[in-house]
Number of protein chains: 6
Amino acid sequence: MDFRIIKSPSNSTKDILKRRMSGICKTELDSVDAIGLVQGKLIDMIYVADVAEKAVGVTVEDIRGTCPQHMVLLGIFGDTSSVEAAMKEIQLKMKEGK
Amino acid sequence: MDFRIIKSPSNSTKDILKRRMSGICKTELDSVDAIGLVQGKLIDMIYVADVAEKAVGVTVEDIRGTCPQHMVLLGIFGDTSSVEAAMKEIQLKMKEGK
Amino acid sequence: MDFRIIKSPSNSTKDILKRRMSGICKTELDSVDAIGLVQGKLIDMIYVADVAEKAVGVTVEDIRGTCPQHMVLLGIFGDTSSVEAAMKEIQLKMKEGK
Amino acid sequence: MDFRIIKSPSNSTKDILKRRMSGICKTELDSVDAIGLVQGKLIDMIYVADVAEKAVGVTVEDIRGTCPQHMVLLGIFGDTSSVEAAMKEIQLKMKEGK
Amino acid sequence: MDFRIIKSPSNSTKDILKRRMSGICKTELDSVDAIGLVQGKLIDMIYVADVAEKAVGVTVEDIRGTCPQHMVLLGIFGDTSSVEAAMKEIQLKMKEGK
Amino acid sequence: MDFRIIKSPSNSTKDILKRRMSGICKTELDSVDAIGLVQGKLIDMIYVADVAEKAVGVTVEDIRGTCPQHMVLLGIFGDTSSVEAAMKEIQLKMKEGK
């Protein structure tokens, strides 16, 4: 599983993400401070989405690659400290689950 | 083969699953207590679906990744103890089949 | 190459298979006693389909995964003893062909 | 690269092949004695198609898997001895090309 | 992750890129001096796009393969020295992130 | 990266290539003496297309597999000596680039 945090994302980066997010996007991407990205197997991404959703101050979106097989990318959006906290929580839960 | 159980799934997690389930969905996803996830080869998932269907108190759904090749994800829905029992039954049968 | 036999398949399992079988389905899936499943490379599955078709008392169907690349799943349908005999014949021929 | 020869193919096997052959099919599949199958990388299959076309008494068709990536399956159709001769010629040329 | 720089790209090369770029293309491809190409995982390409966008004098575009799974190709366009500077910046950040 | 040269290609081979080439085909495939084929990663094929375009007496086309992920096949068309010269140039540049 891969993890990345982008602080103060550029407008182009937000555009790439917007084009790959499903229509039902409830995140106000323009105003986010930081983006957490998590890439992994479909089964793990559903589990991770649930962990992130239960964290405080972030929203979660499913980001499509072009035909990404069983790999899925999740975006976690919010202010920098909330995204960092959610990412730490995910990494903790993934370790516990092993 | 990968296994995960999500207890008290968040609404966002249910939304991700709903968007990936085939139209003919007979599960009342909103009221489930727990979700069991099983990911593996198509041939094994069909076998596992049959094992889970014969278990008590759970329903089984096929969850699509975006173009997941020969890997398929099954969702097993019900109250927590039924889902846990079905997951144990699946793991037992998979060992027997080897 | 992977092999599985499902005896007295549940209705849900039959539904998953029906949704993945090509339109031209000549098998009365509702009345079968057993389902043999074989998963492998496209070239081997065409060879296996021919072996199974020449066996007695079974019918053969091509089952699609969602975008399963060069891997294909065959379903072999009939009464339990016919399916078991066809599966043994396939395993025998695959060994001879090596 | 994988090779198989099917002698006196059953009608079901021919049906599976017909459904996977491109529309512009110049082979009278119903009357063939034998089918040679070759599976490999796209670049090699184009080379093999050229070798087979220059052999005597066989015709060559491109057979699609469901989304077979860069792997392609070629069918070589004709009477048994012509198909066997073409398959030997292909195996010979592939060795020379290494 | 793979990196390449094409200096004074031929018209044919620009045509191949144009056909694979998404409709919303803000780059005047005809007048660029150099093209930087970066290929890698979706999660890394989104990170790299953000690094490149913050570099001076280049624009970034998402280039589609035909069904490239979780692998994505980024094009970085501009004059030769700007593209080279952006590519160095990306390679530096990728090392830091490890 | 894989390389092949087909001299005096048969009509069937040309037909397979034509069906897989993009609509904007500027090559008079019927009159070519030789076909050079190069298969590899998308990023390398774009680089190779640029090298081949700058060679003398050949034209370059993008050949699609059915869903070939990040692998792409290039066809290089012309008289035999020009195709051989372009293929040598490509192999030379690929070594230099390492």
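Helix H2 (residues 42-53) of chain C and helix H1 (residues 11-20) of chain D have axes that come within 8 Å and cross at roughly 150°. Axes here are lines fitted to C-alpha atoms, for helices over the stretch in contact, with angles running from 0 to 180 degrees between N-to-C directions. Helices are DSSP runs of H or I with at least four residues, strands are E runs of at least two, and both are numbered from the N terminus. H2(C) and H1(D) are therefore roughly antiparallel; angles under 35 degrees count as roughly parallel, over 145 as roughly antiparallel, 65 to 115 as roughly perpendicular and the rest as oblique.

This is a predicted model, in which local features need pLDDT of at least 70 and side-chain atom pairs pLDDT 80 or more, while totals for chains, interfaces and linings use all residues. Residues are numbered from 1 along each chain as its sequence is written, chains are lettered from A and ligands numbered from 1 in the order in which they are written, and side-chain values use heavy atoms, leaving out hydrogens and water.

On the H2(C) side, C:Leu42, C:Ile46, C:Ala49, C:Asp50 and C:Glu53 meet D:Ser12, D:Thr13, D:Ile16, D:Leu17 and D:Arg20 of H1(D), where contact means heavy atoms within 4.5 Å.

B:Thr13 lies in H1 (residues 11-20) of chain B and, at 1% relative accessibility, counts as buried. Buried means under 20% relative accessible area, exposed over 50%, and partly exposed in between (1.4 Å probe, protein chains only). Beyond its neighbours within four places in sequence, B:Thr13 touches A:Ile46, A:Ala49, A:Asp50 and B:Ile6. F:Leu17 sits in H1 (residues 11-20) of chain F and is buried at 0% relative accessibility. Leaving aside neighbours within four places in sequence, its contacts include D:Ile46, F:Leu29 and F:Phe77. F:Leu17 and F:Gly75 are 58 residues apart in sequence, yet 8.5 Å apart in space, C-alpha to C-alpha.

Next come charges over rings, meaning NZ of Lys or CZ of Arg within 6 Å of the ring centre and within 35 degrees of the ring normal.

| Charge | Ring | Distance from ring centre |
|---|---|---|
| C:Arg4 | B:Tyr47 | 4.2 Å |
| D:Arg4 | C:Tyr47 | 4.2 Å |

Finally, a look at the backbone. Most residues other than glycine have a negative phi. B:Ser8, however, has a positive phi near 45°; this serine lies in the loop between strand E1 (2-7) and H1 of chain B and is exposed at 54% relative accessibility.
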